Amino acid sequence: MHGHEWDAITADLARGTAPTRPGAERPEGHRLVPLATVLIQDDGLVLHWSEDAEALLGYSAEEAVGSHAARLLTDESDRDEVLGLFGRIMGGTGWSGVLPVRHRDGHKVDLEFRTYPIAGPAGTLLLLATASDTHALHAVEADLAVLDGVFARSPIGMAVYDTDLRYLRINEALARMNGVPVAAHLGRRISAVLPGINSSEIEQIMRQVLKTGKPVVDARSHGRVPGDPKRDRAWSASYFRLEDSTGRIFGVCSSIIDVTERFQAEARAARAQERLATIAEATARIGTTLDLQRTAEELIEAVVPRFADFATVDLLEPVLRGAEPTAIPSDRDIMLRAVAVGESYDSGLAHAVDVVGETSEYGPDRSYVQCLRSGKPLLRTHVDEDALRGLVSSEDRVAPGMAAGIHSYLMVPITARGMVLGGSEFIRMRNPEPFTAADVALAEELVARTALALDNARLYRRERETALTLQRSLLPQEVHRTLGLEIAYRYLPSSVVSEVGGDWFDVVPLSSGRVALVVGDVMGHGIRAAATMGQLRTVARTLATLDMPPEQVLTRLDETASGIGEGQFATCICAVYDPLERSVQVASAGHLPPVRVAPDGTATRVEVPPGVPLGVGGVAFESIEFTIPEGGTVALYTDGLVERRGQDLDAGIDRLARTLAGPGRTLEESCDAVLGALVTDGTEDDIAMIMARVLPLPADRVVTLPLTGGGRVPGKARRFTRATLETWGLTALADYAELLVSELVTNALLHAGAPRRLRLFRDRVLTVEVSDAGGQAPQLRPFAEQDEGGRGMFLVSELAQRWGTRLTRDGKVVWAELELPFGVA
């Protein structure tokens, strides 16, 4: 043996491995089964004892080296046979086999030997023996057989891939699953063998397993394989990394099972869950308002893009006008208005359908109209030009629809209480799946919920329009100008669709240029509230024209409200302005306080005895009186102006006062400023507001004559009246006015002690008024032809357009009006 060969053997022995022959490839890595190596001289002494030998037989290297092998490892009964075998081997006879060897603790170990006679230094003969435990070898062989059997016979697909993810080994089960022979897999990657599946995702998972060493379980793959090219399939795969005990990585192993049926069941369950989620979301979303268009938009938002790429809602034109829906005629065109349109992406289809608000005419032979007439859904799983031609309202919409990629169409009639309100269309373009029977059921459910909300919105709209019409008809159609007073007003219905309230205001002309300002608010909403408002407004206007003071007007109104019906309550404020005195007398029935603005712009609220709402009954009302200087303003309003949810009412009144404060604005500008500041996002209640500003009273419109002098007073009053009317250019009325003045003054002399003052007032009519200290109103009394008296008030009644009496703090005023000649103002 050459020196370098001996060096190789000793190096192998130092590593505890069998020596290699020159030119042979040395095995790498640690043995799975311990392999003992022993070197023995020709005299039987042990020269080398490996670690595996120590592990198998219990003797340490120190104990074994230098000992006689036969004495160390055999019993006396077996020693001669073993020595004979040793001699034959050293004589050049090779031997391999199983030999029982004594363990250090005395028990026998069956070892499988391989022997190699070799030449040592200086030509000495040595014996190299390798040995393995036969039980361990048999166990490894059994494990390998089992593994090979599992790989070859398992019904589960199995494959081994190298670090470049090429197939190293694949079992027949996986080859059948793929429809590709085993040999066609080897050395190729998945993407080359199976181009119809999601190979890039699979290889990404395997790379992750190679990198991290963490197994992946139940990784899903899907697609079509050569063995079943017309059907989508699904698989569940588990991947783990292959490596030896030293950590060297060989590749990846996978186990794969076909889960197509389970995948399809899961997909069906997922679609069912999706449908339930869509219904749940739509239930919460659809019908949140009582607005027709918003309800239609909510349906669109619920289905796009989750259910359809494009959707529309169209309603019959009569339905939108508030008419009751009727049966779809079989021989006439119908008119449909687009109420809502939505799409998931810019497909261009929106330019080929009606924009929201446009109306289209559909002929009776159209599929769309036939579907409406039947009340049943219309499903076109696959749409071509002929199918689309029967659906659209005009021929010019077919080409844009096909260009947009329409491939599946579903239309569901919108029906409520058995009557058709319109139709909803659902279209798929980018979504490749055609509509199915399950989709039809889902669409019917969503449209049914929408139809109910639309019908409620339609009924509420009709009720609201009816109430608004009633409300507007009961409000003042014209506010007459008042001498010495500028008036501006605003009325805003509630911004809530269904909420029509009972707020009202009125400006009532009274005698002698006086005016009553009335603002009220019936509690509640709807037609009943509007009707109650109309009743109360009419009564209030009538009572005011009877020259009743504000507290008496409210008392009678309270009686009226109590008689209307249980639960009919209202707040009201009544203010009477006298332009001659510049005084305001005001009383409140549970209403908000007026806001007064001084000429310098200072704004304060007027503290009026609050009173109780009308309809409570049995409580007296009080009034207060205050004066307003020239340029001063007073504002009356309802709570819709200042009341906001979550805010204190006083804060709203203070904000109103701050907005009104400051000089320099016209009354109309003040009204706009108030609405701009206090009504920013709409209001849940109606708003009624009156503002009145005191103006200078023209000197040529009113004259006053103190009545003193006893029996000469009537003549003095007549002369004063004629002279005044001549000055005013009203000579045509002088005779009538003289006679009225004479009778009124004489009546005061006879029945009230003495008259105090004559006042002539020219506004829309000529008013003659005489004040006295009496507290009893004059009466029309019957008289006979021979009676010398009693005709005075009868004559006044015949001459005057109207006449009346009002009580004052210190007596009364009797007044009469004459109509001005045409063209005189």
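Predicted model: local features only at pLDDT ≥ 70, side-chain atom pairs only at ≥ 80, totals over all residues.
View 1. H5 provides the largest share, with five residues. The cavity holds about 410 Å³ of space, and 27 residues line it, with Ile40, Leu73, Val82, Leu99 and Phe113 nearest its centre. Searching the whole structure turns up six cavities of 30 Å³ or more.

**View 2. The second largest cavity, with about 250 Å³ of space.** Its lining comprises 20 residues, and Ala352, Val353, Val392, Arg397 and Glu425 sit closest to the centre. Strand S11 (310-316), strand S12 (334-343) and strand S16 (419-428) each hand over at least two lining residues, and S11 gives the most, three. Here the lining has four charged residues, alongside 13 nonpolar and three polar.

**View 3. Helix H23 (residues 734-751) packed with helix H24 (residues 792-799).** The two helices meet at an angle of about 150°, their axes 9 Å apart, so H23 runs roughly antiparallel to H24. The crossing of H23 past H24 is left-handed. On the H23 side, the contact uses Tyr736, Leu739, Leu740, Glu743, Leu744 and Asn747, while H24 brings Gly792, Met793, Leu795, Val796 and Leu799. Sorted by class, that contact comes to eight nonpolar residues, two polar and one charged.

Conventions
Residues numbered from 1 in each chain as written. Heavy atoms only, no water. Axes fitted to C-alpha atoms, helices over the stretch in contact; angles between N-to-C directions. Helix = DSSP H or I, 4+ residues; strand = E, 2+ residues; numbered from the N terminus. Parallel < 35°, antiparallel > 145°, perpendicular 65-115°, else oblique. Left-handed = near helix turned anticlockwise from the far one by under 90°. Contact = heavy atoms within 4.5 Å. Nonpolar A, V, L, I, M, F, W, Y, C, P; charged D, E, K, R; others polar. 1 Å grid on protein atoms, 1.4 Å probe; cavity = no way out; pocket = protein on both sides within 12 Å on 5 of 7 lines; lining within 4 Å. Points joined across faces, edges and corners; volume = space filled by probe spheres on them.
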